[in-house]
Amino acid sequence: MERLIDQYERENPGVAVARIRPTLVVQRDAATEVRSLFLGPLVTRPVLGLLRDRRLPVVPVPPGLALQFVHADDVGDAVVRILQRRASGVYNLAADALEAEALAGVLGARPVPVPQSAVRTVVSGLYAARAVPVSPGWFDVAINTPVMDTTRARTDLDWTPSRSSAEGARELLDGLAEGAVGASPALGGPGSAG
């Protein structure tokens, strides 16, 4: 895709071409889609309710895990700014990184370190049993993805996310626990396949 965009830019020098690279985009209404992509039938709404209500004392977290989210409203804000400025180039969009302590804090739990290899083995087994849709490759991506540098979006676009990764995660978790459905087919609304 990047090569096609590069070619288009070379062939159309008068067109401003901007690329956005958001991290995982979250919002309450994305719950149905996130559930279908990452959780599967094992993680039930009552379990999600326990997580949302901060009822688990501990949560297993592999060392090195750092997750970033960006709220859908913040992505929309960046796109508007790009259009208004006729900006071009690449813009990474993400809020702050959540490492083990902060991830556990979203759930009101204490993080318990669990070896990456053990988590990957569990994910592999659950995926092979078709209990979760997340493949071991997705786990590898989560562990190995570097924290995004959003400096260019912040300086060129005067963009700052309005919600932290923790705030976005809590909003999504609330939507997951309550079975929130978005208005569009992509978010599980009318006309969706799910």
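Colleague: Which residue does Arg52 form a salt bridge with, and how far apart are the closest N and O atoms?

Modeller: Arg52 forms a salt bridge with Asp174, and their closest N and O atoms are 3.4 Å apart. The pair links distant parts of the chain, with Arg52 in helix H3 (residues 45-52) and Asp174 in helix H9, 122 residues apart. Bear in mind that this is a predicted model: local features need pLDDT of at least 70, side-chain atom pairs count only at pLDDT 80 or more, and totals for chains, interfaces and linings use all residues. Residues are numbered from 1 along each chain as its sequence is written, and side-chain values use heavy atoms, with hydrogens and water left out.

Colleague: What counts as a salt bridge, and what counts as a helix or strand?

Modeller: A salt bridge is a side-chain nitrogen of Lys or Arg within 4 Å of a carboxyl oxygen of Asp or Glu. Helices (H or I, at least four residues) and strands (E, at least two) are DSSP runs, numbered from the N terminus.

Colleague: Is Asp174 buried, exposed or partly exposed?

Modeller: Asp174 is partly exposed, at 24% relative accessibility. Buried means under 20% relative accessible area, exposed means over 50%, and partly exposed is in between (1.4 Å probe, protein chains only). Arg52 is also partly exposed, with a relative accessible area of 27%.

Colleague: And what about Arg52 and Asp53, how do their side chains meet?

Modeller: In a salt bridge too, at 2.9 Å from N to O. Asp53 has a relative accessible area of 37%, which makes it partly exposed.

Colleague: How many salt bridges are there by this rule?

Modeller: The count comes to 15. One of them joins the side chains of Glu2 and Arg21, at 3.0 Å from N to O. Glu2 lies in helix H1 (residues 2-11) and Arg21 in strand E1 (residues 18-22), so this pair ties together parts that are 19 residues apart in sequence. Glu2 is partly exposed at 33%, and Arg21 is partly exposed at 32%.

Colleague: Which residues get joined into one network through shared partners?

Modeller: Glu2, Asp6, Glu9, Arg19 and Arg21, all by salt bridges that share partners.

Colleague: Switching topic. What is the strand order in the open sheet?

Modeller: Three strands form it, in the order E2-E4-E6, with mixed pairing. Two strands pair if DSSP finds at least two bridges between them. The edge strands are E2 (24-26) and E6 (97-98), and each pairs on one side only. E2 and E4 (residues 67-71) run in the parallel sense, paired over three bridges. Leu24 has Phe69 in E4 as its bridge partner.

Colleague: Which helices lie across those strands?

Modeller: Helix H4 (residues 72-85) lies across E2 and E4, at about 65° to E4. Helix H9 (residues 165-178) lies across E2, E4 and E6, at about 75° to E4. For those angles, axes are lines fitted to C-alpha atoms, for helices over the stretch in contact, and the angles run from 0 to 180 degrees between N-to-C directions. Contact means heavy atoms within 4.5 Å.

Colleague: Where is Thr23, and is it buried or exposed?

Modeller: Thr23 is in the loop between E1 and E2, and it is buried, with a relative accessible area of 18%. A polar atom of the Thr23 side chain lies 2.9 Å from the backbone oxygen of Gln68. Not counting residues up to four places away in sequence, Thr23 touches several residues, including Phe69, Leu93 and Met148.

Colleague: How many residues are in the largest nonpolar core?

Modeller: The largest has 27 residues, and those with the most contacts inside it include Leu48, Val106 and Leu176. By nonpolar core I mean a set of buried Ala, Val, Leu, Ile, Met, Phe, Trp, Tyr and Cys residues joined through side-chain atoms within 4.5 Å.

Colleague: Which helix gives the most to this core?

Modeller: H9, with six residues. Leu176 touches Ala31, Arg35, Leu39, Arg45 and Leu48, leaving out residues up to four places away in sequence.

Colleague: Last one: how many helices and strands are in the chain?

Modeller: Nine helices and seven strands. Of the 194 residues in the chain, 34% are buried.

Conventions:
Polar contact = N/O pair within 3.5 Å; in protein donor to acceptor, adjacent residues only side chain to side chain.
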